[in-house]
Amino acid sequence: MPRGPITLTMWLMDSLVSPTNAQTNAVLSQQLAAFVATRTDIRVQTQTKLARGTGSLLELIQTAAPVAPSFLPDVALLDLADVPAAAQAGLLQPVNDLVPADVLTDLFPFAEIGRVDNRWVAVAYATDMEHLAYNSVRISSPPITWAQALSDTQPLLLPAGVSSGMVSDALLAQYAAAGGGWLDASGQPALSTAALTLMLRQLQDAEQAGWISTSVLNFSSADDTWTAYLGSPTQMVVVRASRFISPRVFASVTLPAPLPGPSEPARSIARGWALVVPTRDPARMSAAASLVAWLVSPENEAAWARAANLLPARRAAFDYWYPSEPYTTFARQELERAIPPPPPQAVRVIGPAIQKAVADVLRGQLPPADAATAAAATVGRAPR
């Protein structure tokens with residue numbers, strides 16, 4: 001007796017497909033309909049899950065995998081930062097032999113987070129990052145190192161505060177640029193005292209030169225600094241690409257630039273989402289992989305990323321994204337240098353410690369070396 005079509009279940013995060021994202025949802029629906037039209041043996045249904053917290057997409061996969069594998073989705077759009085932990089727990093199926101090789105080789109370097117033990121378990125799909133924005137009428141050439149910044153007359157608005165225990169990627173990127181890592185040899189959260197001291201000295205020097213002020217402690221995110229810039233575009237600010245991407249900004253005098261670093265521009269942290277295959281059924285795995293390949297085709301990925309105000313995660317998609325905009329060249333260059341996001345469990349520990357050290361130094365309460373030592377000790381005492 002012939003089998004009917006396979007109905008694939010795809011889980012999506014509510015942060016990406018909320019009712020306010022009508023255009024994004026419409027583009028995805030059109031792409032899924034086009035896929036089904038080419039594959040009469042496959043149907044697709046989507047379900048929305050929470051991005052974080054109790055009952056989140058990842059938590060549901062973790063719960064179902066050992067006791068109810070039939071409940072697992074065939075395809076899911078997973079936070080890039082969660083991929084390593086999900087892979088190590090055996091929740092994701094390898095896609096090396098299921099997804100075309102040219103798709104995997106076309107991904108930007110940060111997408112290597114989706115390869116565990118030389119097996120690809122996640123295909124990066126869309127991404128976001130933080131970078132500088134500046135008024136090109138007032139600033140002819142933004143500084144790319146902290147040393148250059150000391151002679152700059154336009155201040156930098158850097159999100160150096162903390163909100164709900166989380167710290168901005170701008171601070172994490174500065175720590176990484178100074179040579180810092182997130183984990184020790186045993187995989188536990190750890191801070192490099194030397195790297196953090198260097199970063200804090202740079203901030204202290206910048207404050208003493210007037211390039212930044214303690215007011216940066218009032219801004220906890222790049223959204224906050226961008227809002228301040230839009231109200232008075234007279235300074236350099238850190239902004240998320242997803243906020244910078246709009247025809248209105250492209251047509252303005254506001255231009256993008258890399259984050260400054262110790263001796264060269266800092267590498268942005270590329271956050272985003274990856275397509276994964278949790279199902280364990282071989283027939284469904286093959287069908288799921290064909291859906292993944294369809295969605296990450298250059299034209300489809302570019303269309304969805306554009307609708308979502310995000311950056312594509314593969315190079316070829318930029319040819320269909322905003323091909324005529326100078327920002328496209330900038331974004332591609334930054335993504336070639338970008339680093340993957342740190343594990344959430346590490347950020348929850350090291351983030352507040354870094355932010356407190358920054359606040360202590362900018363307020364003149366501790367010198368950089370002492371603040372860094374205290375921060376490292378705090379992380380070392382954190383529950384394991």
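Which residues form one aromatic cluster? The members are F108, F110, W226, Y229, F244, F318, W321, Y322, Y327 and F330. Rings of Phe, Tyr and Trp (its six-membered ring) pair here if their centres lie within 6.5 Å, with planes under 30 degrees apart called stacked, over 60 edge-to-face and the rest tilted. That rule gives 14 aromatic pairs. One of them, Y175 with W182, is tilted, at 5.9 Å centre to centre and 50 degrees between the planes. Both Y175 and W182 are buried (under 20% relative accessible area with a 1.4 Å probe, protein chains only; exposed is over 50%, partly exposed in between).

A word on the basis: this is a predicted model, so local features need pLDDT of at least 70 and side-chain atom pairs count only at pLDDT 80 or more, while totals for chains, interfaces and linings use all residues. Residues are numbered from 1 along each chain as its sequence is written, and side-chain values use heavy atoms, leaving out hydrogens and water.

As for the overall build, the protein chain holds 15 helices and 14 strands, taken as DSSP runs (H or I, at least four residues; E, at least two). Its C-alpha trace spans about 80 × 50 × 35 Å along the principal axes. Of the 384 residues, 54% come out buried.
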